[in-house]
Each structure stands twice: as C-alpha cells, then as structure tokens.
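Hello,

Here is the structure I promised to pass on to you. Have a look at it first, and then read on for what turned up in it.

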Amino acid sequence: LPSLSLPFSMHLIQVDSVQRWMEDLKLMTDCECMCILQSKPISIEKDEENELILPSQHSTCDNLELLLKRAWIISTELTRIAQKLEKNRWQRVHSLTVRVNCHVRSMINEYNTFTRNSSEEMHQFEKLLIDKCSEFTAITERCIQTEDEQILKSMKSCINETLTTVAQYFGQLIELVLTHEAQNLLRQIELSDSMYITESAISSLFSLTQEGAHLCRIIAKEGGVVALFKICRQDCFRCLYPQTLRTLASICCVEEGMHQLEKVDGILCLADILTDNSHSEATHAEAAAVIAQITSPHLTFTQHLSSFLENMEEIVTALVKLCQEASSGEVFLLASAALANITFFDTMACEILLQLNAMKILLAACSDKHIVDTPYSRDQVVTILANMSVLDQCASEIIQGNGVQLLMEMLFERSSSGNSAEVAACERVQQKSAVTLARLSRDPEVADAAVKLSCIPRLIKLCRSPTERNNSDSVLVACLAALRRLAVMSPDGLEDSDFQQLVKPRLVDSFLLCTNMEESFV
C-alpha cells in the first residue's frame with residue numbers, strides 16, 4: 001500500500017469512545033457527525049484505545065499545518081486498514097474506512113475554506129477521491145452484513161484494489177495541494193514589495209521545507225531556489241537574508257535544489273555574502289550553513305558544483321575568519337562544519353587552510369569553552385585536523401599549537417547526556433583524533449610528544465575496554481592503527497602482553513581479539 005510520509009509529532013492519546021468522538025467532532029462538519037457516531041462502538045477494543053486524533057488546540061495552528069496533520073492521520077489510517085484487512089477484521093476495516101471517509105471530506109472542506117485559485121485538476125481529484133471513499137465505505141459495509149467466508153474471501157481482493165486506488169488518489173491530491181501552496185508562497189516572494197508579506201512567505205516556505213525531502217523537491221521544482229537567491233541579491237531585503245539563507249540550506253538537501261543553485265550562480269552569490277564585511281554575523285553564519293549543506297560528504301550529487309572550485313579560496317578564507325571571530329558556539333559550529341566538508345570536497349582546501357594558519361585558529365578556539373562547547377563542534381575541528389594531517393607541514397603546526405594535548409583530550413570524549421546523536425558525535429571525535437595521531441606520528445617530534453602525554457596507555461584502554469569506546473568498531477580500528485604507529489616510534493612504551501596482542505599480529509587478528517574481549521580483561 002502506498003502511504004504518504006508526513007513526519008508530524010502526533011500523539012497516541014488513550015481515550016474512551018465517547019471522549020474520542022467529542023475530540024473528532026471539533027474537526028467534522030455537521031453532516032458527518034452521525035456518520036462518525038455510528039462508526040464508533042461503545043465497547044472498547046484494544047487497538048481502538050490508541051486512536052490517532054488531532055490535538056484540540058488546532059485553532060492556533062496555521063491552516064496548512066492543520067491540513068498536513070489531517071493528511072498524516074489519513075495516511076496512517078489507510079495503513080491500519082491494510083493491516084486489519086490482512087487479519088480479516090471486517091468490523092474494524094469498516095469503522096476505519098468510515099473514519100477515513102470523514103477525515104477526507106473534512107480535509108477537503110477545510111482546505112477549500114482557506115485556499116484560493118485552486119485548479120480544475122485539483123477539484124477533479126477531490127471528486128474522484130470522495131467518490132472512491134464512498135464506494136470503499138459501501139463495499140466494507142457489505143462485508144459486515146455477511147458471515148459467508150467464501151463471499152468475504154472473494155470481496156477481499158476488491159477491497160484491496162479499492163484501498164490502493166484511494167491511497168493513489170489521496171497521494172496525488174496532496175501532491176497537487178502542496179504544489180499549489182508552494183506556488184502561492186513563491187508568487188508572494190517574487191511579486192510583493194512589502195517587507196512584511198515577503199518575510200511571512202519566506203517563513204511559511206521554511207516551515208514547509210521542515211516537512212521532509214519531498215516538500216523540498218516540490219519547492220525546488222517550482223523555482224524556490226531562484227526566488228530566494230533573488231531576495232539575496234537585493235539590498236532592500238538585507239534584514240531577511242538570514243531567514244532566506246536558512247530556507248535555501250533546507251531546500252538544497254535535495255538534488256533538484258542543488259541543480260537550481262548551480263543554474264542561478266548561487267555559489268558566487270554565497271561567496272559575495274561571506275566576503276562582504278558589511279553583512280551581520282547572522283547572515284555570514286547562515287551562508288556558511290548553505291555551504292555546509294551543499295558540500296556535505298554524505299550527498300552523492302555534488303559533482304556538478306564546478307563553480308565552487310572557482311570561488312573556493314575566497315569562501316575558505318571567509319569561513320576561517322568567521323571561525324576566528326565567532327561570538328557564539330552556534331556560529332563557530334556552522335563555519336567549522338562548512339570547512340570540514342570542504343576538506344573532503346577538495347584536497348586543495350587543506351593547502352589553503354595551512355596558508356591561512358587555520359590550524360592555529362582552530363586549536364585556539366578549542367581552548368575557549370564558550371565557543372567550542374559541544375562534541376559536535378569538536379567533531380568538526382578534529383575532522384579538519386584529520387584531513388589536514390596528510391600534509392607534512394602540519395606536524396610543526398600541531399606542535400606549536402599544543403595540538404597533541406588536544407588530540408589526547410579528545411580520546412577521552414564522552415557524552416554527558418546519553419543522547420544517541422551526541423554519543424555518535426563522541427565516537428566520531430575519538431575515532432578521528434586517533435586517526436590524526438596515527439597520521440601525524442610519522443613525525444618523530446609528534447610521536448615523542450604523544451608518548452610523553454601518555455597517549456599509548458589511553459589507546460590501549462580504548463582497544464581493550466569496549467565501554468570506553470562505546471563498543472564502536474571504527475574507534476577500535478583507528479586506535480589500533482595509532483597504537484601501531486606509536487609502537488614503531490617508541491617500542492619501550494608497551495608491555496609485552498600489549499605488544500603481543502595489539503601490535504605484533506595482523507590488524508584484523510588484533511581487531512577480532514579486542515571485539516571479543518570481556519571487561520574483566522582490563
């Protein structure tokens with residue numbers, strides 16, 4: 001069954017049948033009230049206790065948000081119908097079908113009360129969907145009026161087919177609605193001279209982008225990137241630049257957004273904003289966020305960013321300056337994330353960073369706990385250090401900036417909250433600090449500093465104790481590699497048992513030994 005993915009934070013509220021009906025009543029038109037009442041038996045069935053309902057304070061919500069919430073409920077209920085049908089729960093199939101019918105009619109009525117200029121195609125799909133829902137309800141009603149297994153079995157395929165058609169019509173209607181709303185917002189952005197209207201439209205557009213990649217694709221296809229960069233090229237809208245750039249960063253998470261950015265010379269515009277000192281720090285930070293998004297190593301469609309290479313030196317220089325002058329941890333995080341991604345994007349960036357004394361600036365920032373204040377920021381810094389460490393000249397920079405001490409501290413990175421995202425960031429910090437140590441320890445001076453700072457005992461601890469590395473295999477491999485590099489430079493720093501188990505065997509054998517190691521071995 002095709003289902004529409006609309007990520008909303010909906011709550012499963014446990015209520016009895018009458019209370020549930022009263023909640024739904026607020027969202028139903030008068031003509032549907034009897035239909036809803038008839039579809040909800042007073043008796044409580046287990047899975048009916050957890051019905052999906054809209055919060056009662058919906059009147060404070062934006063109209064479009066209410067529509068998307070209603071759409072989410074319908075999509076979820078269609079999935080539940082398929083599940084009940086599979087189990088031959090005919091009574092539940094019928095009551096869910098009636099409820100979907102009511103929600104569809106209410107959604108269409110609600111939308112038509114606040115929309116304007118809806119297309120003839122949209123009206124056609126509304127009629128098709130309502131007619132098919134009525135047909136669906138009639139079919140399921142016939143199922144609860146018979147107990148003949150053969151008849152029910154023969155009707156099951158018909159119900160499945162109708163359910164699929166309802167889901168298809170519903171998905172197509174929602175696609176049309178969202179496209180229509182995106183067009184309206186973009187029309188306001190392009191045609192309005194009013195600061196208030198433009199700001200409101202951009203804010204609504206940003207809210208749409210937060211509903212997932214599908215919405216971003218629709219906005220990009222309708223010219224969202226073009227319209228927003230047009231705003232970023234008009235001085236009269238300077239106060240809207242941060243909000244506009246934040247919306248652009250969201251849209252550029254999809255390939256369609258990236259292609260549009262390239263077509264309108266978006267990289268050049270971003271470079272101009274970053275290098276213009278008359279802009280606010282907030283504007284520079286949001287421009288850095290767009291750069292971080294479009295250079296993300298996780299994206300597979302960055303190859304076409306040819307114009308980025310032409311402007312890379314200017315962009316990198318501006319980002320290093322933003323890191324150096326950042327007034328908050330958030331600004332530093334955005335600027336350093338952009339730099340970290342660029343070091344993956346092109347190796348020439350590392351050489352530019354070296355020329356700009358970026359290593360010294362980043363190491364100094366790490367000593368300021370108000371600026372580098374989270375594992376996420378340290379993850380960006382150590383990513384840059386790891387990628388720069390392939391250059392021979394980096395070793396002296398690390399020594400001068402007390403970088404080995406910082407890398408040693410990063411080997412102790414632990415999450416204070418237990419939040420899964422933060423734990424993952426801590427693992428990346430440990431892994432990349434070990435990788436950086438391994439690369440830099442080819443220089444005897446760095447290796448000697450690492451040994452003096454007791455890096456070897458810490459690396460051994462990380463290898464032998466799964467909890468120290470949060471059971472991360474990637475941290476283990478990096479630590480084994482760093483330990484082997486340091487053991488070559490300083491063989492006296494290891495006990496014989498550590499050498500025999502962690503250094504002498506093939507790396508894969510040491511890895512298997514450590515992954516099977518119990519805590520009592522430590």
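Ser454 counts as partly exposed, with a relative accessibility of 38%. Please keep in mind that this is a predicted model. Ser454 sits in the loop that joins helix H22 (444-452) to H23. Its phi is near 65°, which is a positive value in a residue other than glycine.

With a relative accessible area of 39%, Asn470 is partly exposed.

Is Arg458 buried or exposed? Arg458 has a relative accessible area of 5%, and the cut-off for buried is under 20%, so Arg458 is buried. Leaving aside neighbours within four places in sequence, Arg458 is in contact with Met408, Leu411, Phe412, Gln430 and Glu468.

Next, have a look at helix H18 (residues 375-388). Of the 14 residues of H18, 13 are buried, so the helix is largely enclosed by the rest of the structure.

One partner of H18 is helix H20 (residues 403-410): the two pack at an angle of about 130°, with their axes 12 Å apart. That angle makes H18 oblique to H20. The crossing in which H18 passes H20 is left-handed. Which residues meet there? From H18 come Arg378, Val382 and Leu385, and from H20 come Leu406, Leu407 and Met410. Sorted by type, the residues of this contact are five nonpolar, no polar and one charged.

Helix H3 (residues 63-86) has 24 residues, which should span 34 Å at 1.5 Å a residue; its end C-alpha atoms lie 35 Å apart, which agrees. H3 is mostly covered, as 17 of its 24 residues are buried. After H3 comes Asn88, and its phi is positive, near 60°.

Another pair to look at is helix H4 (residues 90-114) with helix H5 (residues 120-144). Their axes come within 9 Å and cross at roughly 160°. Angles over 145 degrees count as roughly antiparallel, and H4 and H5 are therefore roughly antiparallel to each other. H4 passes H5 in a left-handed crossing. The residues of this contact divide into 13 nonpolar, nine polar and three charged.

Finally, please zoom in on Thr162, which is found in helix H6 (residues 149-191). Thr162 counts as buried, at 4% relative accessibility. How far apart are Thr162 and Lys132 in sequence and in space? They are 30 residues apart in sequence, and their C-alpha atoms are 7.5 Å apart in space. Not counting residues up to four places away in sequence, Thr162 touches Lys132, Glu135, Phe136 and Ile139.

Enjoy exploring it, and do write back with any questions.

Best wishes

Technical notes
Residues numbered from 1 in each chain as written. Predicted model: local features only at pLDDT ≥ 70, side-chain atom pairs only at ≥ 80, totals over all residues. Heavy atoms only, no water. Axes fitted to C-alpha atoms, helices over the stretch in contact; angles between N-to-C directions. Helix = DSSP H or I, 4+ residues; strand = E, 2+ residues; numbered from the N terminus. Parallel < 35°, antiparallel > 145°, perpendicular 65-115°, else oblique. Left-handed = near helix turned anticlockwise from the far one by under 90°. Nonpolar A, V, L, I, M, F, W, Y, C, P; charged D, E, K, R; others polar. Buried < 20%, exposed > 50% of the residue type's maximum accessible area, 1.4 Å probe, protein only. Contact = heavy atoms within 4.5 Å. Expected span 1.5 Å × (residues − 1).
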